[in-house]
Amino acid sequence: MRCEDTMMLMRTLLVAMILSTLLAAQSHGPTPAGYDVELWTKAWRLHHESVVVDTHSDTTSLILDRGFDMGKRSESGHMDLPRIFEGGLDVQFYSIYVSRNYFGDEDMSGRDQLAGSKPNASARRALDMMDGFFTTVANNQDRMMACFSVADIDKALAEGKHAALMGIEGGHAIEGDLRLLRMFHRLGIRYITLTHGNHNHFADSSGEAVPRWGGLNQLGVKVVKEMNRLGVMVDVSHVSDATFYDALNVTRAPVVLSHSSARKLCKHVRNITDDMLVALAKNGGVIMINYNCGFLDDGYGRRRNAWSARTGMLRQAIRKKHAAGSEERKRAIAAMHTKYPPPQPPELKVLIDHILHVIQVAGADHVGLGSDFDGVPCVPKGIDDVTYLPHITYRLLKRGVEPRVVRKVLGQNLLRVFKQVESVSLDLHREKPYMNDPKTDRQKINGR
Ligand SMILES: [Zn+2]
């Protein structure tokens with residue numbers, strides 16, 4: 001090679017290096033204060049090269065109840081499509097959340113009907129919310145795709161689209177009817193949280209002090225088995241400890257906790273103990289860590305309870321006087337916050353602590369992210385909305401987690417479980433559909 005050619009080649013290489021450095025700096029924006037520049041660049045790259053999955057957001061409630069438009073960047077809420085792409089979130093399970101208020105008189109126990117409940121409206125409510133999901137996908141089909149399988153997710157990501165899936169939160173949505181469970185599967189539901197904060201026809205929740213069935217009842221056993229047969233992930237977030245162990249005994253596939261955290265670090269009943277983490281690892285399942293401050297940090301929980309007690313009457317009066325989502329309500333809440341400042345959220349460190357704790361107790365294959373974005377009143381400082389997701393990747397690397405393990409936490413673990421659930425369903429395809437039996441459905445199991 002002539003000397004001029006060598007010089008030319010070196011100049012070209014130098015220009016390319018400068019350009020790529022400039023491009024990298026531009027694409028991940030300025031390095032956050034206190035962050036190591038080199039590690040931030042590495043984290044940003046790793047984050048955007050990985051498949052990032054979140055198994056729980058309540059944005060669908062905002063869509064249905066407040067006409068929220070996911071297509072535009074919003075100042076409120078935790079996520080919309082522009083912010084989802086900025087945060088590198090590839091796959092989101094949108095919660096088809098059915099409040100216990102829709103449980104109404106389906107409750108066969110003879111207990112008082114809940115104030116404001118709409119009798120026998122759970123399935124209808126789920127269908128309305130699913131329509132909000134599909135309408136949003138239709139309105140934004142250039143950027144998002146409704147997915148029903150791991151293969152669909154691969155296709156959406158190959159097309160550069162956000163992969164959107166649905167999971168039901170609150171098993172009472174199936175109204176105790178295995179036919180409705182099958183219909184929800186046909187309409188695209190890919191996980192069901194066996195309970196919300198209330199006991200239902202077939203399972204006990206962690207949200208009620210006195211057990212009803214003592215875990216699953218006979219119908220609950222069939223619900224779990226039918227979910228295995230159909231390929232719907234069994235979600236044991238929110239359930240009582242007894243229901244958790246019953247579900248693990250019955251299921252033929254790994255389970256998920258779509259949005260829960262570790263009880264060892266925060267004593268909330270909705271979180272799971274170390275023994276449960278070990279059982280989860282044995283089952284091959286995955287716990288997706290919930291970002292809600294109150295489920296991460298005991299101190300915050302106590303401060304929040306004290307604040308809630310002090311402002312309870314005032315908040316009730318505001319809710320009565322001003323419509324949900326109205327400017328008047330926003331102003332009244334802002335004035336209340338000035339007078340009685342809510343407790344400060346904890347630092348992002350507490351969320352990372354939960355992830356590291358699960359890795360330590362259950363292993364690197366059994367943890368992921370289940371933000372509960374748009375469904376919780378508080379998230380830690382530094383994960384303010386979906387655009388902050390790369391900060392989790394940075395913090396994990398900073399605390400010594402290997403990149404291959406970070407990729408598992410970000411999404412690979414959940415995709416592995418989803419794939420296994422699909423393959424168990426294929427294996428079970430000759431099994432006959434389970435049917436309700438009024439004589440035995442309400443019987444307790446295990447001699448309870
Ligand atoms: Zn929840």
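Which residues does Lys408 touch, not counting residues up to four places away in sequence? Select Lys408 and display its surroundings: the residues in contact with it, contact meaning heavy atoms within 4.5 Å, are Ala364, Asp365, Val367 and Asn413, once residues up to four places away in sequence are set aside. Before going further, note that this is a predicted model, in which local features need pLDDT of at least 70 and side-chain atom pairs count only at pLDDT 80 or more, while totals for chains, interfaces and linings use all residues. Residues are numbered from 1 along each chain as its sequence is written, and side-chain values use heavy atoms, with hydrogens and water left out.

Lys408 is found in helix H16 (residues 403–427); helices (H or I, at least four residues) and strands (E, at least two) are DSSP runs, numbered from the N terminus. Its relative accessibility is 19%, so Lys408 counts as buried, where buried means under 20% relative accessible area, exposed over 50%, and partly exposed in between (1.4 Å probe, protein chains only).

Next, select Arg329, which lies in helix H13 (residues 327–339). Arg329 is buried yet has no salt bridge, the nearest side chain of opposite charge being that of Glu328, 8.8 Å away. Here a salt bridge is a side-chain nitrogen of Lys or Arg within 4 Å of a carboxyl oxygen of Asp or Glu, and for charge Lys and Arg count as positive and Asp and Glu as negative, with His and the chain ends not counted. The side chain of Arg329 does reach the backbone oxygen of Arg319, at 3.4 Å. Apart from neighbours within four places in sequence, Arg329 is in contact with residues including Ile318 and His322.

Now move to the zinc ion, whose protein donors are Glu169 (OE), His238 (NE2) and His259 (NE2), at 2.0 to 2.2 Å. Donors are N, O and S atoms within 2.8 Å of the metal (3.2 Å for Na, K and Ca), and because water is not among the atoms, sites may look incomplete. Along the sequence the donor residues follow the spacing E-x68-H-x20-H. His238 lies in the loop between strand E6 (233–235) and helix H9 (241–250), and His259 in strand E7 (residues 256–260), so the pair ties together parts that are 21 residues apart in sequence. Both His238 and His259 are buried.

Finish at Cys293 and Cys378, which form a disulfide with sulfur atoms 2.0 Å apart, the cut-off for such a pair of cysteine sulfur atoms being within 2.5 Å. The torsion about their S-S bond is about -75°, so the disulfide is left-handed.

Methods. A polar contact is a pair of N or O atoms within 3.5 Å; within protein, one must be able to donate a hydrogen and the other to accept it, and residues adjacent in sequence count only if both atoms are side-chain atoms.
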